[in-house]
Amino acid sequence: MVDNEGIWSRGGSNVEDLPDPFAPAGAPPRVGPDGLPQEKPKRRRRWPLVLYAISAVFFVTLIWLIVTAPLSRALEPLDDPAILLVSQEGQPIARRGAIKEAPVDVTKLNKLTPAAFVAIEDRRFYSHWGIDPRGIGRALVANMQAGGVRQGGSTITQQLAKTSFLSSNRSMKRKAQEVIIAFWLEAWLTKEEILSRYLSSVYFGDGVYGLRAASKHYFGREPENLSLAQSAMLAGVVQAPSRLAPTNNLKLAQARSKLVLNAMADTGVIGRGRAKATWPARPIYRSSKIPTGTYFADWVAPEARDAFESDFGEVKVKTTLDADLQRLAVRAVSRAATGDMQAALVAMRPDGRVVAMVGGKNYGDSPFNRATQARRQPGSAFKLFVYLAALRAGWTPDSKIEDRPITIDGWTPANSDGVYRGEITLREAFARSSNAATVRLSESVGRANVLRAARELGITTPLPNSPSVALGTAGVNLLELTSAYAAVASGRYPIRARGLPADEEAGGFSGLLQGGGRMDNRRDWAPMLDLLYAAANNGTGRRAALAVPTFGKTGTSQDNRDALFVGFAGNLVVGVWVGRDDDKPLGRNISGGTVPAQIWHNFMVSAVAVDGRAGPPLPGEFKIPSRSGRARSAKARFQRNGAREPSPCERFFARLRSYSNDAK
């Protein structure tokens with residue numbers, strides 16, 4: 001070899017200038033436009049660009065975290081904290097949401113408590129910078145063997161990043177974000193601060209977040225007073241909270257706590273002897289478990305959450321529910337002869353405070369609330385708005401209307417009993433629930449005025465401008481319909497159903513701010529009470545009549561698919577619905593005046609006695625007519641000359657009795 005020849009030269013020439021020995025034979029050399037040999041262009045290396053892009057994303061993410069992500073997020077209350085709904089008497093109704101108590105400070109805890117979490121979750125917590133390469137490598141091997149994501153290999157810092165800033169979805173993108181945030185947390189916080197935030201926000205099952213809430217929930221004590229066994233059990237739960245919660249699977253939780261104790265022995269926190277001698281902890285026993293859901297709780301929960309701001313612990317919210325009346329409502333529905341049918345009941349005060357709600361025969365079997373969520377045809381219960389519109393137009397209960405067949409646009413409504421009585425009063429038409437007379441009345445006063453009356457009394461569901469709307473062919477929910485009847489009971493409209501007490505600070509101005517109006521005593525209110533009294537005491541709803549003045553109206557939809565009775569007595573306004581979820585007919589024997597009226601009666605007999613409250617004062621223009629009972633009827637029949645002239649209502653009831661006697 002020549003002296004000046006090195007490993008990168010051959011025959012005194014640079015190896016890069018020598019021809020390619022592997023080039024195809026006879027391949028012409030690459031020449032440029034000037035005829036000189038041209039060097040082969042070098043391939044650009046792309047990996048620096050990828051590195052620059054990753055670095056840019058990393059620094060942009062860090063800047064975003066510094067500007068927008070508060071380090072104290074793990075120490076803040078939950079956005080949707082736990083609420084304890086209680087009745088107006090203070091009895092617990094339902095508990096909703098998760099519980100998170102005030103943050104913990106690891107420096108004030110028993111040293112064994114944070115050590116238990118570190119031993120089982122992240123043994124190298126105090127030595128790594130946010131990620132653990134060994135843990136990640138172990139997770140990669142396990143995931144490759146399993147053919148999917150089975151382990152995360154996350155450190156405590158990464159878990160804090162995930163629970164405080166990211167979703168729980170397992171993906172490479174989320175994992176990369178988790179690593180970046182972990183580095184950021186390690187750069188800005190001490191290890192004690194990171195561990196404190198982690199213990200204050202991690203989920204422990206049973207709807208509790210954070211060590212303080214878990215300590216109180218499972219062991220009834222503050223986290224500063226946890227024993228070794230209790231600390232080990234709580235540390236073991238965080239791996240799979242739903243599965244390892246001691247209230248769900250005590251044996252599995254105790255077995256997991258033994259693994260924690262052994263891990264603590266492996267790290268030298270405790271001795272082997274102490275780990276073996278420590279008996280597994282047992283959670284405290286709770287004698288009564290408050291349900292998470294009821295028909296009323298599901299309905300009022302959104303309103304309750306808007307009534308307060310987020311805070312630590314459990315927020316107690318007082319509702320309008322009356323525990324005694326609720327029990328009576330459940331009993332009335334469960335004991336009713338409904339067979340395979342469903343039933344719903346809602347009871348409220350005339351001012352809209354809901355005191356009882358039953359959305360179905362069994363919440364456990366079906367949480368669907370038929371009192372608030374279902375839109376069913378109200379049938380003749382909708383006639384309230386037709387007759388109210390007529391009263392506003394100058395008609396009176398004694399005004400005459402033709403009860404004869406009528407045809408509009410090819411549609412001919414038929415009376416349910418097939419009987420047409422010619423010219424009758426509005427009182428009789430309403431009490432007998434004449435379809436022909438009601439449609440004729442609706443067309444006379446104008447459908448627009450009927451729809452307007454319904455809207456003013458609080459009906460918000462779509463109502464078609466068709467002749468059949470007078471007979472309740474448009475779907476409404478039971479709660480809205482009952483609220484409309486509450487407007488008649490109180491004499492003002494609209495009445496908005498509510499499950500929380502009115503804001504006391506609003507005082508007497510709350511009613512003024514709601515808008516709406518009041519019924520005219522002489523023109524609207526007293527005549528409407530007259531009609532409702534006639535229907536409930538001597539008309540289609542007489543099965544619902546009580547010993548106290550009773551007002552109401554039956555409703556039966558097309559083909560007997562829905563049956564209702566809505567009315568009021570005392571200080572209660574109650575609506576009852578009976579039907580099927582599949583909308584199949586109930587049969588010809590079921591109507592608003594049968595099962596619903598009986599449920600209404602059975603509930604109100606006990607409710608009025610228990611409640612013992614008088615309703616709002618009735619207008620002076622309305623006088624309670626004489627009851628149609630046999631004793632009073634006999635007394636009326638034996639009146640001699642010189643007695644006062646019967647009132648229009650008394651003449652009407654006498655006429656009804658004569659029809660009844662003729663039928664017999």
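Biologist: What share of the 664 residues in the protein chain is buried?
Modeller: This is a predicted model, and the value is computed from it. A residue is counted as buried when its relative accessible area is under 20%. Of the 664 residues in the protein chain, the buried share is 48%.

Biologist: How many helices and strands does the protein chain have?
Modeller: Both kinds of element occur in the protein chain. The count is 23 helices and 16 strands.

Biologist: Of the contacts in the protein chain with a separation of 6 or more, what percentage is between residues 24 or more positions apart?
Modeller: A contact here means heavy atoms within 4.5 Å. Among the contacts with a separation of 6 or more, residues 24 or more positions apart account for 70%.

Biologist: What part of the accessible surface of the protein chain belongs to carbon and sulfur atoms?
Modeller: The accessible surface of the protein chain comes to about 34100 Å². Carbon and sulfur atoms hold 53% of that surface.

Biologist: Is helix α2 mostly covered or mostly open, and how many of its residues are buried?
Modeller: Helix α2 runs over residues 112–121 and is mostly covered. Its buried residues include L112, F117, V118 and E121. The cover over them includes α4, α6, α7, α8, α10 and α11. Of the ten residues in α2, the number buried is nine.

Biologist: Is the crossing of α14 and α20 left-handed or right-handed?
Modeller: Helix α20 covers residues 521–537, and α14 packs against α20 at about 140° with the axes 9 Å apart. The cut-off for roughly antiparallel is over 145 degrees, so α14 and α20 are classed as oblique. For comparison, α14 passes α16 in a left-handed crossing. The crossing of α14 and α20 is right-handed.

Biologist: How many charged residues are in the contact of α14 with α20?
Modeller: The crossing is right-handed. The contact is made by L384, Y387, L388, L391 and R392 of α14 with R523, D524, P527, M528, L531 and L532 of α20. By class, eight of these residues are nonpolar and none is polar. The number of charged residues is three.

Biologist: Is V566 buried or exposed?
Modeller: V566 lies in strand β15, residues 562–569. Leaving aside residues up to four places away in sequence, V566 touches L481, T482, Y485, F551, G552, K553, V574 and G575. Its C-alpha atom is separated by 9.8 Å from that of P378, 188 residues apart along the chain. With a relative accessibility of 0%, V566 counts as buried.

Biologist: Which peptide bond is cis with omega about -10°?
Modeller: Most peptide bonds are trans. P494 sits in the loop between β12 and α19. The cis bond joins Y493 and P494.

Biologist: What is the phi of D409, which is not a glycine?
Modeller: Most residues other than glycine have a negative phi. D409 lies in the loop between β10 and β11, and at 73% relative accessibility D409 counts as exposed. Its phi is positive, at about 50°.

Biologist: Where does D206 lie?
Modeller: D206 also has a positive phi, near 60°, and is not a glycine. With a relative accessible area of 33%, D206 is partly exposed. Its place is the loop between α6 and β6.

Notes: Residues are numbered from 1 along each chain as its sequence is written. This is a predicted model: local features need pLDDT of at least 70, side-chain atom pairs count only at pLDDT 80 or more; totals for chains, interfaces and linings use all residues. Side-chain values use heavy atoms; hydrogens and water are left out. Helices (H or I, at least four residues) and strands (E, at least two) are DSSP runs, numbered from the N terminus. Buried means under 20% relative accessible area, exposed over 50%, partly exposed in between (1.4 Å probe, protein chains only). A crossing is left-handed if the near helix is turned anticlockwise from the far one by less than a right angle, and right-handed if clockwise. Accessible areas come from the Shrake-Rupley method with a 1.4 Å probe; for residues, only the protein chains shown count as cover. Axes are lines fitted to C-alpha atoms, for helices over the stretch in contact, and angles run from 0 to 180 degrees between N-to-C directions. Angles under 35 degrees count as roughly parallel, over 145 as roughly antiparallel, 65 to 115 as roughly perpendicular and the rest as oblique. Ala, Val, Leu, Ile, Met, Phe, Trp, Tyr, Cys and Pro count as nonpolar, Asp, Glu, Lys and Arg as charged, and the others, Gly among them, as polar.
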